[in-house]
Amino acid sequence: MLVGKIKTKKQLKVILQKIAKIENVKSLRFRSAIDKQYNIDGMYNGITKTITISQSLPIRTTLLTFFHELGHHVAVENGLWHRYHRGDDKFSAEYAFLIENSIDKIARMLWRKYVDTELHKRYVFTYTKARKAYFVAFFRDYFNIEEDYIEKDVLNKLLTLK
Ligand SMILES: [Zn+2]
């Protein structure tokens, strides 16, 4: 399974559904608006193992968003950052950034596995270090994060992740 030349969104959806199935994602949905207020492109629910992607994105953005969300799924499947994905614990916004940045590293691995990189080039991080300040502010606001809570287990896993 390799994402090659894609001409239409329909074609892209078919191939993404196949990859989602291989990776044991329960459901991959495309919705017209998933979070208008915060302009979110994609979401992953770690409890239902569902990926939701905005319907209105261009092909490349859809592809990048899918792999970011798949990164969340693979992390959950491997027992990484359960509390973060269940959303029932408080983290510092800085910390959420670190996790999201690590998710992008997993996403990049998956991109290399499933995408023809001659055609689609490199995976672009959703949360780049250059935009860290912006996203820290975003997380703080979106998840209403105040406390500086760091789980030791999470920290250890973050430190060992390349
Ligand atoms: Zn994310």
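Read along the sequence, the protein chain follows the pattern α-β-β-β-α-α-α-α-α-α, and comprises seven helices and three strands. Helices (H or I, at least four residues) and strands (E, at least two) are DSSP runs, numbered from the N terminus. The model is predicted: local features require pLDDT of at least 70 and side-chain atom pairs count only at pLDDT 80 or more, while totals for chains, interfaces and linings use all residues. Residues are numbered from 1 along each chain as its sequence is written.

Of the 162 residues in the protein chain, 31% are buried. A residue is termed buried if 20 or more other C-beta atoms lie within 10 Å of its own, exposed if 12 or fewer, and partly exposed in between, with C-beta atoms placed from the backbone. Two residues are in contact if their C-beta atoms, likewise placed from the backbone, lie within 7 Å. Among contacts between residues at least 6 apart in sequence, 63% join residues at least 24 apart.

The three strands form an open sheet of mixed pairing in the order E1-E3-E2. Strands E1 (27-31) and E2 (42-45) stand at the edges with a single partner strand each, so one side of each is left without a neighbour in the sheet. From one strand to the next, the twist averages 15 degrees. Two strands are taken to pair if DSSP finds at least two bridges between them. E1 and E3 (residues 50-54) run parallel and are joined by five bridges; Ser-27 has Thr-50 as its bridge partner in E3. E2 and E3 pair in the antiparallel sense over four bridges, and Gly-42 stands opposite Ile-53 in E3. The hairpin of E2 and E3 has four residues between the strands, and within this hairpin Lys-49 takes a positive phi near 55 degrees. Four of the five residues of E3 are buried, so this strand is largely enclosed by the rest of the structure.

The largest nonpolar core has 36 residues, and those with the most contacts inside it are Ile-51, Phe-67, Phe-97, Ile-99 and Ala-107. Such a core is a set of buried Ala, Val, Leu, Ile, Met, Phe, Trp, Tyr and Cys residues joined through C-beta atoms within 7 Å. At least two residues of this core are supplied by each of H1 (9-22), E1, E3, H2 (59-77), H4 (93-114) and H6 (132-142). H4 gives the most, with ten residues. When residues up to four places away in sequence are not counted, Ile-99 touches Trp-81 and Tyr-84.

The axes of H1 and H2 come within 10 Å and cross at roughly 15 degrees. Here axes are lines fitted to C-alpha atoms, for helices over the stretch in contact, and angles run from 0 to 180 degrees between N-to-C directions. H1 is therefore roughly parallel to H2, a class assigned to angles under 35 degrees. The crossing is right-handed, meaning that the near helix is turned clockwise from the far one by less than a right angle. Lys-9, Leu-12 and Leu-16 of H1 make the contact with Ile-59, Thr-62, Leu-63 and Phe-66 of H2.

Positive phi values also occur in loops. Asn-24, in the loop between H1 and E1, has a positive phi of about 70 degrees although it is not a glycine. With 10 C-beta neighbours inside 10 Å, Asn-24 counts as exposed. Lys-121, in the loop between H5 (117-120) and H6, has a positive phi of about 60 degrees and is likewise not a glycine. Lys-121 is exposed, with 11 other C-beta atoms within 10 Å.

Notes: Angles under 35 degrees count as roughly parallel, over 145 as roughly antiparallel, 65 to 115 as roughly perpendicular and the rest as oblique.
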